[in-house]
Each structure stands twice: as C-alpha cells, then as structure tokens.
Amino acid sequence: LVVSKVPCDGWRRFKIENEDYNTKIAISETTRKDTGIYTVIAVNPNGRDEAPVEVVVLDKPGSPEGPLEVTDVHKEGCKLKWEKPKDDGGLPLSGYVVEKMDTATGRWVPAGFVDPTKTELEVTGLEPGHKYQFRVKAQNEEGESEPLETDTAILAKNPFDPPGAPGLPEIVDWDEHMVELKWEPPFRDGGAPITGYIIEMKSRFDPNFVKAVEIPGGQCKGKVPKLEEGTQYQFRVRAVNKAGPGEPSEETNPHTAKPRWLKPRIDRTNLQNLVFKVGHTALIDVNVSGEPPPTITWIFKDKSENPKEVELKTEGAIRIDNIDYNTKLLIMKATRAESGKYTIIAKNSVGEDRAEIDITILGKPSKPKGPLEVSDVTKNGCKLKWKKPEDDGGSPVEYYEIEKLDPLTGQWIPCGKSVEPEANITGLQEGKPYKFRVRAVNKEGESEELETDHAIIAKNPFDEPSKPGRPNPTNWDKDFVDLEWTKPASDGGAPIEKYIIQMRDKDERAWVDAGTVPGDRTYGKVTSVVEGHEYEFRIVAVNKAGPSPPSDPSKSVIAKPRFLAPHIDRKNLQKKIIRVGQTLKIEADVKGEPPPKIVWSLKDKSLSSGDRLKIENEDYKTNFTLVKAKRADTGLYKVTATNDSGTDSVEVEIVVMSAPSKPKGPLKVADVTAESCKLKWDKPEDDGGAPVEHYLVERMDVESGRWVPVCTTKTPEAEV
C-alpha cells in the first residue's frame, strides 16, 4: 500500500491484512485528513501490478479563510468580506451563516445568510452607537464549519454625522396657496457637504410634521405650494448630507394661507344696532380681513345736539382690544353717555374700510328742561308749560307726571299727566298758594323733578262770560243745521276763546256737545244730525275763566232738506173703478220743502169740497173722498203739488160703472112678412162704463099687452 503522505498520528488507525490472493485495509476513526489516493501494488517473480483507490471522508467544511474584513461602517450597518474555506468537507457548500454580537449583550444572533457563490454581506439593522463583533460559518450537508470571527469590535456609527439644524425659517412671500421660505445653513455640516434641504410642514390640526418639498443643492430658500386657503400652517427645515437628514430647525410661527395684499374688509355680522339698559355690559367682537393686517381705529359720535367725533382709547368704562384680524369693544357698566354712533376704521397699505354700529343705552330720562312756567291762573286752575328733557333716556317719553304741593297737608300729590310738555291744571282751591313739579316718564322709569321757582295764588284775574244770545237756525238740510247767535252781554273781562254748540234730540233729555267755533265767530254748522230727527240747540261761551251759562234753546228744527221739489207718491193713484152710489177714498203722500200746495182738478177746473166731494190737504198729505158716485163723476182727475222748488202732478182715472142708457132710436122695422120682420136701431149714447155685451129684443102681442123675449143680438139689428 502506498499513500501520498503519512498520517500525522501514524499508522495506528490503519490495519492491513494480506493473504494469498487477497489483501485488506481497514481505517478506523477516519477524519477528513484520511481522504486521498491509495495504491495497491502486487509483485511476484513474474511481474508487478498496481491499482489506485480514492478514499473520500465527508465532513463539515473548514472555516472560511480570513481575515473577516469589516468596511463601510455607518450607524445602522456595515459591509463584511471573507474568503472561501480551503476544505469544503467533501460536499458542495450550501451557504454561509453570518452572525453578529452586540457587545453589550454578549449574545450572537443571526445577521444574514449568504449564497455559496458570494463571500460578502451588507449588514443592516444595527443600533446606532452600539459596538458589534461578527462571525461567518460555512455550511454544507454535514453541518456548519468553525466560525471565522472579526479581530475586534466595531462601533455602529457613520463615518460622518448628520448636519445640525438650519436657522429659523423666515416667510418672505406668500399668497393664499403658497409660501416662500428662506433660512440660514446649519453651523455644522456633520463632516459631509450639505446635499439639500427638506421643508416640513403641519397644519393646525395635524399632530406631526410631514415632508412638504425637497430643495436640492445648497440653496437656502424654497416654496411650498398647494396650501389650502384659510388653513393655518407651521414650517421647519432639515439639512441633508450623506448621513441623512439632520435635526429640524425651529418651527415658524403659525401662518394662515391667505393673500399677501388684500384691501381691508370689516365683517359686519356682529355689527347689528344694539339696545340695552344702563349698567349692563356689552361686548362687540368684530373680525377684520385684509393683508397686511389692517390697523383698526374706533371713532365715537354722541347723540347730543352738537355731536363731536372722538377716537376711542381704553379708558374708564371703554376697553378696546385690537389684534391681527380682530377687534373687540367692551363697554362695562354702561351709562347713557356711551349712547351714540360707533365707527370702525380698518386701514392698510392697500385701502380702507369703514363700518358703523348704533348703540342705544336705555335709562331714565333727564329731568324736564326749565323753567316750569305757570300762566293763565284762575281760581280753580292754571296752565303749566316746560321743555322736553335734553335726554329721553333712549326711549320715548311716554308722559309727564305732574304734582302739586298741597297747601293743607304740605305733601306733594299727583294733579295730572300730559303727553306734551304742557298741561292744564284743575281742582285748585281759590285763594290757596300752590307750587308744582314735573317728572318725565319713559319705560325705564321717572326722571328727576323740575319744580316751579315760586308759589302762585289760585284766583281769577277775570270771570266767566255771560250767556250768549239764543241761537237761530238759518239753514238746514237732512245732514246739517246752520246756526247764528249774538255775543254774550259780558265777556267776563277776558276775550271769548271759543263757543261750544250743544244739541238735544227731542226724543232724549241730555244735551251733548256738537262742535266748537273760534271766539271771533257767532255762527256755526252742526253736521252730526240724523235725517228726520228733531233737534234743539244752545250755545256756551268760553274764556280763560271757563264756560258761561248756556244760552236759551233754539226753536226745534227737523233734519230734512229745506228746499225740495214736490213729489207725489203714486202708489195709491192708479185707475179707480167703482159703481154708482159707492164711496171712493184716495189718500196720497206728498214730499217737498217747503210743504207743497196741493190742488185737485177735473178738466182743468179746480175742485173743492162740496155735498158729495171732500178734499182735505195738510202738509205732505192729501185726501180725496167722493160719496154717492154718479156716472157723471167718471173722468180723468189731476192732483198737482207746487212749491218754490217746482211742481209735480199725477192724473187719476176714475170710472163710475152703471147700466147702459137705452139704445138710440128710432127702432126701425122693415121687410115685414106674415112670419117675420127686420129690426134696426143705434147704440146707446152711454155704455155705462163697460162695453155693451148684447141687446135683448122683446115683442108685445097687442092683443095680450105682454112683452116677451124674442132673441138676443150683439149688434144693433135683429131678424124676428
């Protein structure tokens, strides 16, 4: 047996047995080193022969060849490189197992697996700042080789650091959809050139910053597009080098996406006119748009007669808070002095806007303006006059409360109310001294009192007039009566101010006022009459001392037209038909003013009462009575009514019915025969008031002397 080399541990593990014609070799406790070419040689006198035998012992591969190189170290990884093992263990390699050990833990953990064709690995997932060792093991079907380890631990860090934070970004330009930023570069570049910047942003409602745009190169400015108008944003910047993005800069102040140049516009939503009470507090909160943010000023103009405009500042009850895009006006414990017109002025470089609000603070009115004048003093009253208060309290004065100082009790007691700044006071006691005071009253309460300077004595400087003369109706109609009268014999020492016309319906007892006329007139018209009613009138004269006694009543007057053309009522004046001997009565109403004169006539001859005819005429009525009527009374009667305004007449046909008169002769006899004859006559002169219906023909036998009917005929002839 011939081998290429002698085993290092000698031949103790080899056993060779040779017999005739056979040889054996046994190798115990084989190792990879026993692998090789074994040669069997046989020799005898006749010659020599040999045969090679290849023996392969399979095992785990050998350790990869070192050194295990670590390169390109950075904070999260590195690159490993090694050589293949010299011995693959007799089997193809299935790969390499790479492990890492964090020296802080001392535990090996997998770092990767590499195909057998490669002998390098990019390691990732390192914890920055930690120290690591690495090892590599070759692997085949028999298992893993002994590891190849790094000589020393490496520190997981970049060969250079991320750059520092850039300077605070400055917004240099903007509009409603974009901002342009600029910033200063970081003081530290981390050992590597700055390759660019990242602008990050977040809206008001976003929890975190997000990348908005990348700026390549060393340019320290950039634009962020596609912003949503009206949304509030913040921005920050990171510098980038080979180590990656650095720390962010400080974020900008919140910025709202809006136009950069915009004319001011005051939001008028909250600028409705306000009305509230004294002592209350009001807050007016107004938004103002515009770019750049407008400067806001408040101007106040009061409600006095000569108002002045004043620029408002925070002072006393007024507080003004102006911030960008908003202004607030606070009125604390308001007084009437704060009532007026408030003007907001918003200005910027683009333009100006103004808006107004009217604020009314309700309170009690100020006291009426003096002096409180007393005039027209009489024994029972006087007249007071004053001026309206300068300030009505923001609510119209409803009335004035008037009081008098009672001379008996020494107390102020109410004596009247007035809606105007004047009043007539009554109920004073003659000869007593009085003082007066007035308060203005609105919905919020009463003002202070305005008092007279001195007391007055209740006494008359003059008396009431005497009674006027009796009124005389001078004209009237259905809807008016005109009256005249004479002045009183005495005016009482003061001019007559007016006359009061009073009237009384004859059906009633009470006198009522019907009208007034000025004191310089002694005539008047009453229009409150009802047609057909009868009235009396009287007059009362009035001067400063009061009313006179009433005059004597006038004669009564009926409210009806004074001048009216006659009109005869025709309802009873239709054609009348009676029989001889009967009585006929006709009654007719007649209108007209003055009452018309009534005449009955027949054939243009006036009729008057006689034996059988009675005519009775009274105002507005006529009666015609005919007794024991005769056929001769038949005719066309006429009734006529006449006054100064005209005439009316009506014809009444009266027919008195009777039997007709006898036929008119002679009765002619002709064509006499032994058995017959013909008769002929004329119609009667009077048909009795109705057409003849027929004629009755009778004959008398002269021998007997009796008339007997023969025939009837409708015409004045017959054949007998």
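Visitor: Which side chain meets that of Arg570 in a salt bridge?

Guide: This is a predicted model, and every answer that follows rests on it. Arg570 lies in the loop between strand E49 (564-568) and strand E50 (576-579), and its partner lies in strand E57 (residues 646-657), so the pair links distant parts of the chain, 78 residues apart. The N to O distance is 3.0 Å, and the side chain that meets Arg570 is that of Asp648.

Visitor: What is the relative accessible area of Arg504?

Guide: Glu536 is buried, with a relative accessible area of 14%. Arg504, its salt-bridge partner, is described as partly exposed, and its relative accessible area is 23%.

Visitor: Which residue forms a salt bridge with Glu616?

Guide: Side chains of opposite charge can pair when their charged atoms come close. In this case the closest N and O atoms are 3.3 Å apart, and Glu616 is partly exposed, with a relative accessible area of 37%. The partner is partly exposed as well, at 46%, and that partner of Glu616 is Lys614.

Visitor: Which residues are linked with Arg437 in a network of salt bridges?

Guide: By the rule used here, the count for the model comes to 39 salt bridges. In one network of salt bridges, Arg437 is linked with Glu403, Arg439, Glu446 and Glu449.

Visitor: What is the nearest side chain of opposite charge to Glu338, which is buried yet has no salt bridge?

Guide: Glu338 sits in the loop between strand E28 (326-331) and strand E29 (340-347). When residues up to four places away in sequence are not counted, Glu338 touches Phe300, Ile318, Ile331 and Ile361. A salt bridge requires a nitrogen and an oxygen within 4 Å, whereas the nearest side chain of opposite charge is 9.4 Å away, and it is that of Arg336.

Visitor: Which residue in E28 stands opposite Ile318?

Guide: Strand E27 (residues 318-323) and E28 run antiparallel and are joined by 6 bridges. They form a hairpin with 2 residues between the strands, in which Tyr325 takes a positive phi near 70°. The residue of E28 that stands opposite Ile318 is Ile331.

Visitor: What is the bridge partner of Met101 in E8?

Guide: Strand E7 (residues 95-102) and strand E8 (residues 107-114) run antiparallel, with 7 bridges joining them. The two form a hairpin with 4 residues between them, and Gly106 in the turn has a positive phi of about 75°. The bridge partner of Met101 is Trp108.

Visitor: Which strands stand at the edges of the open sheet of 3 strands?

Guide: The sheet has the order E5-E6-E9, with antiparallel pairing. Each edge strand has a single partner strand, so one side of each is left without a neighbour in the sheet, and these edge strands are E5 (65-74) and E9 (120-123).

Visitor: How far apart are the end C-alpha atoms of residues 566-655?

Guide: An unreviewed UniProt entry lists residues 264-360 and 566-655 for "domain: Ig-like". The span of residues 264-360 is 0% helix and 59% strand. Residues 566-655 are 0% helix and 62% strand, and their end C-alpha atoms lie apart by 27 Å.

How values were computed:
Residues are numbered from 1 along each chain as its sequence is written. This is a predicted model: local features need pLDDT of at least 70, side-chain atom pairs count only at pLDDT 80 or more; totals for chains, interfaces and linings use all residues. Side-chain values use heavy atoms; hydrogens and water are left out. UniProt positions are given in the numbering used here, feature names are shortened, and annotations may be inferred rather than shown by experiment. Two strands pair if DSSP finds at least two bridges between them. Buried means under 20% relative accessible area, exposed over 50%, partly exposed in between (1.4 Å probe, protein chains only). Lys and Arg count as positive and Asp and Glu as negative; His and the chain ends are not counted. Contact means heavy atoms within 4.5 Å.
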